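I opened a notebook on a structure that was new to me. These are the entries, in the order I made them.

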Amino acid sequence: MSKLLTVFGATGQQGGSLIDYVLKNTELSSMYRVRGITRDRSNPTAVALKARGVEVIEADLDKPATLIPALAGSYAVFGVTNYWERASKEVEIAQGKAIADASVAAGAELLIWSSLPSVTKLSNRRATFKHFDSKAEVEEYIRTLTILSAFFMAGWYMQNHIGYMRPQPVGDGTYNLSQTFAPNATLPMIDITDTGKFIAPILLDPAKYNGKNFTCATKFLSPLQLVDGWTKVTGKTVRYSMVSPDEMASEAMTPEMRAELKKSANLINEFSYFGPNGQADLEWTQAQVKDNLTTWEEFVKSNEPWFGDV
């Protein structure tokens, strides 16, 4: 009989991508049936999931009492929170711990937590980065519980560049990417639709990966390499300029996001996104993954057109 995998954030990028992968993967779909957790089952994405055979359940991370019945019968749980929805470290920690407690109370055997490194520790307390530190604090809590656990740590979403980090026209037929990172600083780039590729090994062998962190990206790339990829794929000249967070022209960025972006730029320029062992940890993670990961050039090509005159 198949086991129940319950996925939080079922209509979001990570949770939705994991569900899609499991449904399409013959081995995993024979092992697991899927339940998706959402706050609104009438959401069109949730309705589409139900049409694909996913059990869709409503629950609210701010109401822990709703979580235990939502997780009833689960063998494995994927937990993810959205810091930017409330922009509160305290809220995210409370939500993450609520997922963990409910997983244990429901008798689940495996919890996969969407985590990130502690910037406070990486920087020896010289810096804090709220939506990294909050996830790391939840991870520390999960490690104290009596449940198998593993930790999915996503790099920099390639999808960020579809929205507020998109190259802008200069006016002479060329385009410019403006970011706060040093031109040669490297970011671990991940197509977030690859989420399931990284989590599959954990679902296939939970005991083997108990306590392990998966550092998830295709490759560390600098802004200069990103614009080279755009130029190569689109045939349009794309250049890079380093700017301050205040110069980032995007209505989608809140003051909180700008403040965190400023800190992230300093962090990445000095410590790298995943810290000094990031490259080695990435190589270990990729050695566990069976599927080919999406390259930056493949992502750019699959998301054309990028420019209005294409």
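**Ground rules.** I am working with a predicted model, where local features need pLDDT of at least 70, side-chain atom pairs count only at pLDDT 80 or more, and totals for chains, interfaces and linings use all residues. Residues are numbered from 1 along each chain as its sequence is written, and side-chain values use heavy atoms, with hydrogens and water left out.

**Leu61.** I looked up its place first. Leu61 is in the loop between β3 (55–58) and α4 (67–70). Helices (H or I, at least four residues) and strands (E, at least two) are DSSP runs, numbered from the N terminus. Is Leu61 buried or exposed? Leu61 has a relative accessible area of 19%, so it is buried. Buried means under 20% relative accessible area, exposed over 50%, and partly exposed in between (1.4 Å probe, protein chains only). I then listed what Leu61 touches, leaving out residues up to four places away in sequence: Phe8, Leu67, Val80, Thr81, Gln95, Ala98 and Ile99. Contact means heavy atoms within 4.5 Å. Ala98 is 37 residues from Leu61 along the chain, and their C-alpha atoms are separated by 7.1 Å.

**Glu139.** This residue lies in helix α8 (residues 130–142). Glu139 counts as buried because its relative accessibility is 11%. Neighbours within four places aside, I found Glu139 in contact with Trp113, Ser115, Leu116, Phe151 and Asn213.

**Helix α9.** I checked residues 195–204 next. Nine of the ten residues of α9 are buried, so the helix is largely enclosed by the rest of the structure. Among the buried ones are Lys197, Phe198 and Pro201.

**Second largest pocket.** I noted about 270 Å³ of space in the second largest pocket. A pocket, on a 1 Å grid over the protein atoms alone, is an open set of points where a 1.4 Å probe fits, with protein on both sides within 12 Å along at least five of seven lines; lining residues have an atom within 4 Å of a point. The volume is the space filled by probe spheres set on the points, which are joined across faces, edges and corners. Which residues lie nearest the centre of this pocket? They are Pro117, Ser118, Leu122, Met153 and Asn213, out of 15 in the lining. α7 (119–122), α8 and β11 (213–216) each supply at least two lining residues. The largest share, three residues, comes from α8.

**Aromatic pairs.** I counted 14 aromatic pairs in the structure. Rings of Phe, Tyr and Trp (its six-membered ring) pair if their centres lie within 6.5 Å; planes under 30 degrees apart count as stacked, over 60 as edge-to-face and the rest as tilted. Phe78 and Phe152 have ring centres 6.3 Å apart and planes at 70°, so this pair is edge-to-face. The pair links distant parts of the chain, with Phe78 in strand β4 (residues 76–79) and Phe152 in strand β6 (residues 148–154), 74 residues apart. Phe78 is buried at 0% relative accessibility, and Phe152 is buried at 1%. I also looked at Tyr209 and Trp284: their ring centres are 6.2 Å apart and their planes at 75°, so this pair is edge-to-face. Tyr209 lies in the loop between α9 and β11 and Trp284 in helix α12 (residues 278–288), so the pair ties together parts 75 residues apart in sequence. Tyr209 is buried at 5%, whereas Trp284 is partly exposed at 32%.
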